[in-house]
Amino acid sequence: MAGPDKYKWKETVKEEYECMEKHTIFKPVPRTKLPKNTKVVTSTWVTKKKANVTYQARLNAHRYEQRDQEHYDGSSIVAPAANDMDIRIVLVLMLMAGWCGHIIDVKDTFLHGDFEDDEEIYMEVPQGFESYYPSWI
């Protein structure tokens, strides 16, 4: 991470990583303890600077790397999100019903994917945290 905001980005990534540790999203495993023929996926930090000058960082695991001979189409991956029209409809309904609304910014939200029974995913240590976990996954 470079640029004039690099320290803020590093702080944001560290906060996100600490939240993942707090919620036990992952558990470090030594490379020597991996089951034989296990595929290890990589990850990418996705960062965004919002209009209100808040910084957001999310870790995306490349789970498609784990599956042999399966076509990967990056456009087929979606995350639930509201668009402008959805928000306008909700605001109009609130006004019509006479309701009050509050805007909140939620931290520590995690999407929970469906895994098959006993399925384990092994991922490389996220970029920037290799020194905390040398020789670990």
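A residue is called buried when its relative accessible area is under 20%, exposed when that area is over 50%, and partly exposed in between. The legends below apply these words to a predicted model.

**View 1. Thr44 in strand S2 and the residues around it.** Thr44 belongs to strand S2, which covers residues 43-49. When its neighbours within four places in sequence are left aside, Thr44 is in contact with Arg58, Leu59, Asn60 and His62. For one of these residues, Arg58, which is 14 residues away from Thr44 along the chain, the C-alpha atoms of the two are separated by 8.3 Å.

**View 2. The aromatic pair of Trp9 and Tyr55.** The structure holds one aromatic pair, and its members are Trp9 and Tyr55, arranged edge-to-face with 4.7 Å from centre to centre and 85° between the planes. Because Trp9 lies in helix H1 (residues 6-22) and Tyr55 in strand S3 (residues 55-61), the pair ties together parts that are 46 residues apart in sequence. Trp9 has a relative accessibility of 14% and so counts as buried, and Tyr55, with a relative accessibility of 17%, counts as buried too.

View 3. Thr12 is a residue of helix H1, and with a relative accessible area of 7% Thr12 is buried. If residues up to four places away in sequence are not counted, Thr12 touches Tyr55, Gln56 and Ala57. Of these, Tyr55 is also a member of the aromatic pair with Trp9.

Note on methods:
Residues are numbered from 1 along each chain as its sequence is written. This is a predicted model: local features need pLDDT of at least 70, side-chain atom pairs count only at pLDDT 80 or more; totals for chains, interfaces and linings use all residues. Side-chain values use heavy atoms; hydrogens and water are left out. Helices (H or I, at least four residues) and strands (E, at least two) are DSSP runs, numbered from the N terminus. Contact means heavy atoms within 4.5 Å. Rings of Phe, Tyr and Trp (its six-membered ring) pair if their centres lie within 6.5 Å; planes under 30 degrees apart count as stacked, over 60 as edge-to-face and the rest as tilted. Buried means under 20% relative accessible area, exposed over 50%, partly exposed in between (1.4 Å probe, protein chains only).
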